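Here are some short notes to read alongside the structure. Keep the model open and find each residue as you go.

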Amino acid sequence: MRVSAYPLIDADVAASLVLEHTPVLGAERVPLVDCPGRVLAEDVVASAALPAFPASAVDGYAVRAADGGTSLRVVGESAAGRPFDGRVEPGTAIRILTGGVLPAGADCVVMMEDVQLSGDVVTVPVGLKPGQNFHAPGADLREGERVLPAGVALGAAELGLAAALGLAELPVGRRPRVALLSTGDELVEVGEKPARGQIPDSNRWALLAALLEAGSEVRLLGIGPDEPEALRRLVVDALSGADVLVTSGGVSVGTHDLIKPLLESLGDVLVGRVKLKPGKPFTFATIPDPRPPTRPFGPTSPLRGREKLAFGLPGFPVSSLVTFEVFVRPALRKMQGHAQLQRPTLPVRLGYDARATADRTEYQRVTLRREGLELVAASTGSQSSSRLVSLVGAHALVRIPPGDQGIRAGTIVEAMILALP
Ligand code: AMP
Ligand code: MG
C-alpha cells in the first residue's frame with residue numbers, strides 16, 4: 001500500500017479509534033510496597049469501622065462528663081497500645097494518652113492543660129460534654145463503606161487508608177510492557193560524537209520519561225536503521241515480549257520511512273495520518289499476538305493471545321511528545337484500568353492571538369501565570385516541531401481548532417494541564 005493512500009483522519013476520531021482498540025490488561029495482586037503509582041483494580045470496602053475503638057484525641061484524663069467541676073481520684077492509665085481494663089466509676093478518673101482506648105464508664109476526655117493535679121487527685125472544669133476529645137468508633141469510616149473506587153491511582157492517602165484497613169496487598173491493573181525503538185540512520189547514541197549530518201537519539205530519553213510517568217514498564221531497543229529487513233527483525237523480536245511497541249521516526253512520506261509498510265505487513269494500520277499539528281504522520285496499528293492461544297478455545301476466547309498495539313510516532317521531538325500526549329498516554333492509562341484517562345483541563349484566558357492551521361487541529365505549548373483568579377496563557381515562542389524548547393517548562397497544551405479563524409487574545413479556552421505554575 002502506498003503511504004500517501006492513508007486517509008487524513010480527524011484528530012479526535014483518531015484518538016477514539018486508538019482507545020476503542022486498547023484492551024484493559026487485567027489485574028494482579030501486589031504487596032503494598034509495590035503499590036505506589038499503580039491503579040486500583042477493584043473497589044475497596046471497609047471491612048471494619050475506623051477507628052475500631054474509642055480513641056483519645058489528646059493527652060489528659062478520661063472522666064464522666066457528669067463529674068465536671070469536681071475533684072476526682074486518678075485510678076489508672078490508658079496509653080496508646082496499653083488499655084486500662086477497669087472502669088471509670090463516679091468520682092474517679094484515669095490518665096489517658098493520645099491514641100489510648102477510652103475506658104468503660106468514661107464518656108469524655110479533659111485535656112491535660114485544663115485540669116489541676118495534686119498528688120493523685122485531679123480537679124476538672126465545669127461544663128464537660130459527653131463525646132469531647134475522643135474519636136468514636138466508626139467516626140472516620142463506617143464498616144461496609146466504599147472507601148476507594150476501582151480505577152483510582154494509588155497515591156499516599158490511598159495507600160495509607162488501605163494499610164489502616166489492614167490490607168497487606170491490593171489488586172492493581174497490570175502495567176503495560178512497552179518496547180521503545182528510535183529509527184533513523186542519522187541517530188547516534190547520546191554521548192557519542194555525532195559525525196556531520198548525525199544527531200543524538202534524544203527521543204528515546206524523552207519518550208522513556210513519558211512512558212514511565214504513564215505507568216509503563218519499558219524495554220529500550222535502541223536505534224533501528226533505515227533498512228527494512230533489519231528493522232523488521234528488531235520489531236518482531238521486541239513484540240514477542242511486549243504489549244505495546246512505540247517507535248519514533250520513519251513515518252513521514254519518504255523513501256526512508258519504513259514504519260508504516262512494516263506495521264502494515266504485521267497487522268492492521270488503523271491510523272496513518274491525522275489532522276494534527278504537530279504530528280500529522282502519527283501512525284497506529286494493531287498487531288495480532290503471534291503466539292498460539294494458551295488453550296484451544298477458538299477465535300473468540302478471551303484466553304486467546306490479545307492484540308498488541310503499535311504507535312509510530314513522528315521523528316521530530318515535539319511531534320513525538322505531543323502525539324504521545326494525545327494518543328499514547330490515554331491508551332497506556334486505559335490498559336492499567338485508570339478511571340481518568342485524560343490530563344485534567346482548566347479554563348485559561350489566552351494571552352496572545354492564536355492563528356489556526358487551515359485543516360489541522362493544533363496543540364500549542366503555553367506557560368500559565370496567575371492574574372487574580374484567572375490563569376493567563378502565554379505562548380512558549382516558536383512552535384516549530386523540532387524546537388523542543390517550546391515544551392520545556394510548558395504548563396499546558398492549548399487546542400486551536402482548524403480553519404481560518406484562529407482564537408483571539410482574551411478568549412477563554414480549555415487548556416490540557418501538564419503542570420501548574
Ligand atoms: P522522520 O520522522 O524519521 O522523518 O524524522 C523527522 C525528523 O526528526 C528528522 O529531522 C530526524 O532527524 C528527527 N528525528 C528522528 N528521530 C529522532 C530521534 N530519535 N531523536 C531526535 N531527533 C529525531
Ligand atoms: Mg527518519
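1. Start with Ser78. Ser78 is buried, because its relative accessible area is 0% and the cut-off for buried is under 20%. Bear in mind that this is a predicted model.

2. Now place Ser78 in the fold. Ser78 belongs to strand E6, which covers residues 71-78.

3. What does Ser78 touch, leaving out residues up to four places away in sequence? The list is Pro83, Phe84, Ile94, Arg95, Ile96, Leu97, Gly100 and Val101. Look closely at Val101. Its backbone oxygen is 2.8 Å from a polar atom of the Ser78 side chain.

4. Move on to a sheet. Its 6 strands run in the order E17-E14-E18-E22-E21-E19. The sheet is open, and the pairing is mixed. Which strands are at the edges? They are E17 (217-224) and E19 (268-271), and each pairs on one side only. On average, neighbouring strands of this sheet are turned by 20° against each other, direction ignored.

5. Zoom in on one pair. Strand E18 (residues 244-248) pairs with strand E22 (residues 308-313) in the parallel sense, over 5 bridges. One bridge to check is that of Leu245, whose partner in E22 is Ala310.

6. Helix H4 (residues 228-239) lies across E14, E17, E18, E21 and E22. Helix H4 runs at about 170° to E17. Helix H5 (residues 259-266) lies across E14, E18, E19, E21 and E22. How is helix H5 angled to E21? Helix H5 runs at about 25° to that strand.

Key
Residues are numbered from 1 along each chain as its sequence is written. Chains are lettered from A and ligands numbered from 1 in the order in which they are written. This is a predicted model: local features need pLDDT of at least 70, side-chain atom pairs count only at pLDDT 80 or more; totals for chains, interfaces and linings use all residues. Side-chain values use heavy atoms; hydrogens and water are left out. Helices (H or I, at least four residues) and strands (E, at least two) are DSSP runs, numbered from the N terminus. Buried means under 20% relative accessible area, exposed over 50%, partly exposed in between (1.4 Å probe, protein chains only). A polar contact is a pair of N or O atoms within 3.5 Å; within protein, one must be able to donate a hydrogen and the other to accept it, and residues adjacent in sequence count only if both atoms are side-chain atoms. Contact means heavy atoms within 4.5 Å. Two strands pair if DSSP finds at least two bridges between them. Axes are lines fitted to C-alpha atoms, for helices over the stretch in contact, and angles run from 0 to 180 degrees between N-to-C directions.
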